[in-house]
Every structure is written in C-alpha cells, then in structure tokens.
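Please keep the sequence and the model in view while reading.

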Amino acid sequence: MSENNAETVPLQFNEQSHEDMCVSAQAFYQAVKTRRSVRDFSDRSFPREVIEQALLAAGTAPNGANMQPWHFVVVENTDVKREIREAAEREEREFYERRASEEWLEALAPLGTDAHKPFLETAPYLIAIFSKKFSFDEQGERHKNYYTSESVGIACGFLIAALHQAGVATLTHTPSPMKFLNGILQRPDNERPFLLLVVGYPAEHATVPDIEKFPLEATTSFI
Ligand code: IYR
C-alpha cells in the first residue's frame, strides 16, 4: 500500500500468455508498418465520429502530472482551410527559397516536397494540435505544465495510430513557423502550435516515396 494521499482504484490490466504477447506485438507491428505519410488527398469525407474517437484515444496518452497539456482544433470549414493553406504556403515559400540550408533541402529531395500545399484545402479534415506550457484552471488560476513536448508528441503518436487503425491517412505537416495558426484558429497565447495533421483518404492514384525504415539492429542495442 502506498502511503501518499493520492486516491487509487484497482488497475485494469490485460495480462496475456507469452505466446499471445508475441502474436499481439507482431499484429500491431504489421498494422502500423502499413502507415505512410500521404501528400495527395481525396476530397471525400467520412463521419466526424471517427475523428472524435481518435482524439479520445490521443487524450489517453501518458503525460506530465496528468495536466493533459494539449488542445486540438478540428477544421472542416472550407474558408478556414483555405486561409491555413495560404498562410502555410507563404511560410513554406520562405523556407524553400531562403531559410532552408542546402543540407536540409538535400535531405528533403527524396520526398519531393515543395512550397505547394494543395492538400491543406483538399483533405476533409485538418487537426491543429497545440501544446500548452501552462494552463488556466476554472478559477482562472495559471498553473505550469510539465514535459509538454514529450506529452503532446506521444498524444500525436496515439492520434496518428488511431486514425491509421480506422483506415484514415494522415500527413504530419509542420509549416515553420506556425504561429499563424493562433490567429486563424483564435487560440490564446499560452497555446503553441505543435503539429498540423492533414487527415483524409488518399487520392485514388496516390504514390509515396520509395523509402525504407532502418532495421532493428541499426536503431537498438540490447545489453
Ligand atoms: N515543412 C516543410 C519542409 C519539410 C520538412 C521536413 I524535416 C519533412 O520531413 C518534410 C517537409 C514542408 O512541409 O514542405
């Protein structure tokens, strides 16, 4: 028994046989390895319920002191999507024409990206994810959040995996800087744009770069 003051409830834990653990781990890998970042989206839509469930999944992410330091804005409105596209393309033109180093541009070459971002208008949903270094409680009292980047990054991972599991393609888009999202989406100053997720079906004949993931030995040491 712990001796602190925290209230506790019994843990619901789904223990599996070693065999089932291996099967489950393999099944999850097989499922997530088919995910690809898509840059060519269809304009077909699907029920908002799918987005809501995926956001609920994202909200279960482990996070610093359970402060849940995130805010999600789901954009379906055509005019708002156009405004986001125009602002993002302005930043991206700066990036590709001036800000990016030669080394960075070379690293991007295999992806074939440029400043043109039509998918920001074509895809049925954009989800702007904001991270909150501090929050305000119901009394308007300001309190600090902890490990915000780690927390919001993990939540975004859950969100992308949940959407993929539901048969939805995504693109993690990070126009830089993204401060314009606060203005367009009317978010307060304590919220910083973390990621702009493009969400929808791939276009009918969408292609993706011919790239591979590192093998386990290249990324992992067992000691
Ligand atoms: N934000 C730019 C550039 C870009 C940067 C990285 I790192 C990528 O993996 C892909 C793109 C753009 O979206 O084009």
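## Terms and basis

A residue is called buried under 20% relative accessible area, exposed over 50%, and partly exposed in between, using a 1.4 Å probe and protein chains only. Helices (H or I, at least four residues) and strands (E, at least two) are DSSP runs numbered from the N terminus. Strands pair if DSSP finds at least two bridges between them.

This is a predicted model, in which local features need pLDDT of at least 70 and side-chain atom pairs count only at pLDDT 80 or more, while totals for chains, interfaces and linings use all residues. Residues are numbered from 1 along each chain as its sequence is written, and side-chain values use heavy atoms, leaving out hydrogens and water.

## Strand β6 and its partners

Strand β6 covers residues 191–200, and eight of its 10 residues are buried. Strand β2 (residues 125–132) runs antiparallel to β6 and is joined to it by eight bridges; Ile127 lies opposite Leu197 of β6.

Strand β5 (residues 169–173) also pairs with β6 in the antiparallel sense, over five bridges. Here Thr170 has Val199 in β6 as its bridge partner.

## Backbone exceptions in loops

Most residues other than glycine have a negative phi, and most peptide bonds are trans. Tyr147, in the loop between β4 (142–144) and α6 (148–165), has a positive phi near 50°. Tyr147 counts as exposed because its relative accessibility is 61%.

Ala65 has a positive phi of about 50° and is found in the loop between α2 (48–58) and β1 (70–75). Ala65 counts as exposed, at 55% relative accessibility.

The peptide bond from Ser176 to Pro177 is cis, with omega near 0°. Pro177 belongs to the loop between β5 and α7 (180–185).
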